[in-house]
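Look at the sequence and the model first.

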Amino acid sequence: MSQRSKISILGRKSTLVDSGLWYNYAAQDLITTCASRTYVVITDTSIGSIYLLPFKHSFADARNGISPSPRLLIHQAAPLEGSKSRQTKAEIEDWMLSQNPPCGHDTVIITLGGGVIGDLSGFVAAT
């Protein structure tokens, strides 16, 4: 792995850049800096099929030794503009509330993808 470095955005060196961040760093950083009992990844089926399995493994390693152990939930939507709808938003929220225990106010929502998924998951997180 290459050396991680930070670049300056808005006058602060706060943005980490490196190859492999999603695989080698993201899960550990999330668990360390955004402590929660529940982490939800919202993605689409195209991106999810490529990036989810390595993240699941990284997340499992990162939560070792933490008690109670945080859980990782994953929701995948269709990668189409039609997914950006009130109906899909409601489906995600209903799914989050149907979990045992239900997702709550401390749930961390992680967006994997951009465009439609970014807009959709941002709206879910905001409401």
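Is Asp-119 buried, partly exposed or exposed? Asp-119 is partly exposed, at a relative accessible area of 42%. The cut-offs use a 1.4 Å probe and protein chains only: buried is under 20% relative accessible area, exposed is over 50%, and partly exposed lies in between.

## About the model

This is a predicted model, where local features need pLDDT of at least 70, side-chain atom pairs count only at pLDDT 80 or more, and totals for chains, interfaces and linings use all residues. Residues are numbered from 1 along each chain as its sequence is written, and side-chain values use heavy atoms, leaving out hydrogens and water.

Side chains of opposite charge can pair when their charged atoms come close. A salt bridge here is a side-chain nitrogen of Lys or Arg within 4 Å of a carboxyl oxygen of Asp or Glu. The count comes to four salt bridges.

Take Asp-119 again. Asp-119 forms a salt bridge with Lys-84, with the closest N and O atoms 2.9 Å apart. This pair links distant parts of the chain, 35 residues apart. Asp-119 sits in helix H5 (residues 116–126), and Lys-84 in the loop between strand E4 (71–77) and H4. Helices (H or I, at least four residues) and strands (E, at least two) are DSSP runs, numbered from the N terminus.

Lys-84 also forms a salt bridge with Glu-81, at 3.2 Å between the closest N and O atoms. Glu-81 is exposed, at 53% relative accessibility. Lys-84 is partly exposed, at 37%.

Arg-37 and Asp-106 meet through their side chains in a salt bridge of 3.4 Å, N to O. Arg-37 lies in the loop between helix H2 (26–33) and strand E3 (38–44), and Asp-106 in the loop between helix H4 (86–98) and strand E5 (108–112), so the pair ties together parts 69 residues apart in sequence.

How accessible are the two partners? Arg-37 is exposed, with a relative accessible area of 53%. Asp-106 is partly exposed, at 23%.

## Cysteines without a bond

A disulfide is a covalent bond between the sulfur atoms of two cysteines. The rule asks for a pair of cysteine sulfur atoms within 2.5 Å. The count comes to zero disulfides.

Cys-34 is partly exposed, at 33% relative accessibility. Cys-103 is buried, at 9%.
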